[in-house]
Amino acid sequence: MTRQTDARVITKYLERYAEPEASVGARLTRPTDHILVIPAHDESASMLNGLHTALKTVQHNGQRALCIVVVNATNQHGSTVHTCNDKLIVNLKNVGPSVSLHTTGETPCWYIDGATFDLLLIDRNSAGHRLPRREGVGLARKIGCDVALSSIQSTTTTARLIHTSDCDVCLPKTYFDVEYPPSCAAVIYPFRHIPCGSLAIDKAHAYYEAYLRYYVLGLRYAQSVYDFHSIGSCIAVRPITYAQVRGVPKREAGEDFYLLNKLAKLGAIHTAQTEPIRIRSRVSARVPFGTGRSTHDIAHSTAGYAIYDPTIFNLLRAWNTALPALGDASPNHAYASVYQRAVQYLNADTADRLDTALRSLDAPTALREAAAQSTTPAVRRKWFHDWFDGFRTLKLVHSLRDNGLPNIPWADAIASANFCKLSGGTNNTHSTRIEGDPFDLCRKLARLEERI
């Protein structure tokens, strides 16, 4: 796309799909070089502590960063949350001289001139301005990103990326200096959880992080094109691709997964070559699923924690590597061609299990439609990958789990998965031993991700 085309796409998004608060971005007058969006819910002003190193580096480089904080809650949240949010708003307004940017009837928002960065504070916590039910963190993140996009479009900022993170992070000092291919759709940062000192909480976070890495390594082994982490704390999006996918999904959880799932259909999801974002271990019930909820559940039953059987990723690999058979297949025989290649080395029971799972996704219809799109293999392959995306990949994994391959204890899964083997050796020798410091396993798996 040309710069003019990009501008038209962004303008269309802002006019038709952006949240009302987006107009605030065009009211900013102080030039900035980088933008960071953070939704805040039931947090204290100490949330800024983890941002200071990165923000000070920007200042040291003679630049300025804009931090957009969207303080949010719904009416369903209790008065304790609303009071905590009110206190956060007061404390953030004291970061520096503040100026009101809203007019009568608009969402309250203020520009704060901080010592080392600009702060834009948006209040979706006060009565009459709270988020709708079931549109929690997704809508809050979208509001902030829409404001960022508006600021970029109005040329108030020269930011090349819309960074978005969370309140429980410590950003590396080179956070804003990330390099990425111009053709990528988004950037994800490496991450690691850091212990908080509570044995149960730290162990739960280590177990869950190990699972996240296990899943991505499994997808990579299976040759999925959706083999990346989906963590809201670690995402930066190009303005044009953000507009093309119509912003952050307005979900109460999982908005990061669905956003990246859409972005991956426009271009590569690039993993930044930087120091990791450090995420503080803590239990949270802010959203119905995700890291906070999962670690809450794990902490109450570490002994019973189970994850996907690694056999599932063998079947997923068989399916993905059979895709070339779609290249010259007729539409009516497309599924049979790919399926027969996928199961050529599987026993009958396993082949039937894969067939059942694929049919639960209506894969025969999808492959027939893919083959009907074009006779060009590359076009068919692109159509297939857009259909068999990260969401349907996860649905296939769940279908296989529910039909004969149930979850197994997490330590057994990681120890037996050949894609989690860190070095050469016999089939009985894994260097991913589940011993000692549980975060040590996470570090080993992270190093394996970097090698592959």
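The notes below begin with how the model was treated and then take up each topic in turn.

This is a predicted model, in which local features need pLDDT of at least 70 and side-chain atom pairs count only at pLDDT 80 or more, while totals for chains, interfaces and linings use all residues. Residues are numbered from 1 along each chain as its sequence is written, and side-chain values use heavy atoms, with hydrogens and water left out.

**Sheet**
- An open sheet of mixed pairing is formed by 9 strands in the order S3-S4-S5-S2-S1-S6-S10-S8-S11, where strands are DSSP runs (E, at least two residues), as helices are (H or I, at least four), numbered from the N terminus, and two strands pair if DSSP finds at least two bridges between them.
- Its edge strands, each pairing on one side only, are S3 (98–100) and S11 (269–271).
- Strand S6 (residues 162–164) pairs with strand S10 (residues 235–237) in the antiparallel sense over 3 bridges, and Ile162 has Val237 in S10 as its bridge partner.

**Helix pair**
- Tyr335, Tyr339 and Ala342 in H10 meet residues of H11 that include Ala351, Leu354 and Leu358, contact meaning heavy atoms within 4.5 Å.
- The residues of this contact between H10 and H11 divide into 6 nonpolar, no polar and 3 charged, where Ala, Val, Leu, Ile, Met, Phe, Trp, Tyr, Cys and Pro count as nonpolar, Asp, Glu, Lys and Arg as charged, and the others, Gly among them, as polar.

**Pocket lining**
- Helix H16 gives the most to the lining of the second largest pocket, with 6 residues, and that lining divides into 13 nonpolar, 4 polar and 9 charged residues; a pocket is an open set of points on a 1 Å grid over the protein atoms alone, where a 1.4 Å probe fits, with protein on both sides within 12 Å along at least five of seven lines, and lining residues have an atom within 4 Å of a point.
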